[in-house]
Amino acid sequence: SRDDFQYIDPEDVLYVKAEGSYCQFHLRNGKRILMSRNLKYVEEMIQSFTFLQRIHKSFIANINELTNYNRGTGKVLLSNGTELQATSEKMEALGLK
């Protein structure tokens with residue numbers, strides 16, 4: 001329900017995906033949690049956790065879980081095998097060229 005509250009350990013987050021005015025948290029254990037807030041809100045909420053970074057207009061990723069970045073395709077690969085789109089500007093800002 002709208003009043004439900006669930007604590008998420010930031011270290012358990014693989015990535016957060018924007019879904020309109022909602023966000024879906026994808027966790028290491030395979031669980032997904034939908035939040036009725038937009039990605040900008042989530043980005044502001046987690047700014048003190050420097051390992052969670054915006055890599056695209058639709059994604060925040062746990063950069064400790066990145067295993068590969070392909071500049072040609074603009075895709076990053078996470079430790080669980082998930083591929084996410086990234087922008088070169090965001091990746092360069094993170095020092096990942």
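Tutor: Two strands pair if DSSP finds at least two bridges between them; strands (E, at least two residues) and helices (H or I, at least four residues) are DSSP runs numbered from the N terminus. This is a predicted model, in which local features need pLDDT of at least 70 and side-chain atom pairs count only at pLDDT 80 or more, while totals for chains, interfaces and linings use all residues. Residues are numbered from 1 along each chain as its sequence is written, and side-chain values use heavy atoms, with hydrogens and water left out.

Student: Which strands stand at the edges of the open sheet of three strands?

Tutor: The strand order is β6-β7-β8, with antiparallel pairing. The twist from one strand to the next averages 25° (axes are lines fitted to C-alpha atoms, for helices over the stretch in contact, and angles run from 0 to 180 degrees between N-to-C directions). Each edge strand has a single partner, so one side of each is left without a neighbour in the sheet; these strands are β6 (66–70) and β8 (83–85).

Student: What is the average twist from one strand to the next in the open sheet of five strands?

Tutor: This antiparallel sheet has the order β3-β2-β1-β5-β4. Its edge strands, β3 (32–35) and β4 (52–56), each pair on one side only. From one strand to the next, the twist averages 20°.

Student: Which residue in β3 stands opposite Gln24?

Tutor: Strands β2 and β3 pair in the antiparallel sense over four bridges. The residue of β3 that stands opposite Gln24 is Leu34.

Student: Is His26 buried or exposed?

Tutor: His26 is found in strand β2 (residues 22–27). Leaving aside neighbours within four places in sequence, His26 is in contact (heavy atoms within 4.5 Å) with residues including Asp12, Tyr15 and Lys31. Buried means under 20% relative accessible area, exposed over 50% and partly exposed in between, with a 1.4 Å probe and protein chains only. At a relative accessible area of 8%, His26 is buried.

Student: How many residues apart are Tyr15 and Phe59, which form an aromatic pair?

Tutor: Rings of Phe, Tyr and Trp (its six-membered ring) pair if their centres lie within 6.5 Å; planes under 30 degrees apart count as stacked, over 60 as edge-to-face and the rest as tilted. A search of the whole structure finds two aromatic pairs; in one of them, Tyr15 and Phe59 are edge-to-face, 6.1 Å centre to centre with 65° between the planes. The pair links distant parts of the chain, Tyr15 in strand β1 (residues 13–19) and Phe59 in strand β5 (residues 59–62), and their separation is 44 residues.

Student: Why is the pair of Phe49 and Phe51 assigned its geometry, and what is that geometry?

Tutor: Phe49 is partly exposed at 32% relative accessible area, whereas Phe51 counts as buried at 14%. Their ring centres are 6.1 Å apart and their planes stand at 65°, so the pair is edge-to-face.

Student: Over the face of which residue does Arg37 lie?

Tutor: A charge sits over a ring if NZ of Lys or CZ of Arg is within 6 Å of the ring centre and within 35 degrees of the ring normal. At 4.3 Å from the ring centre, Arg37 lies over the face of Tyr41.
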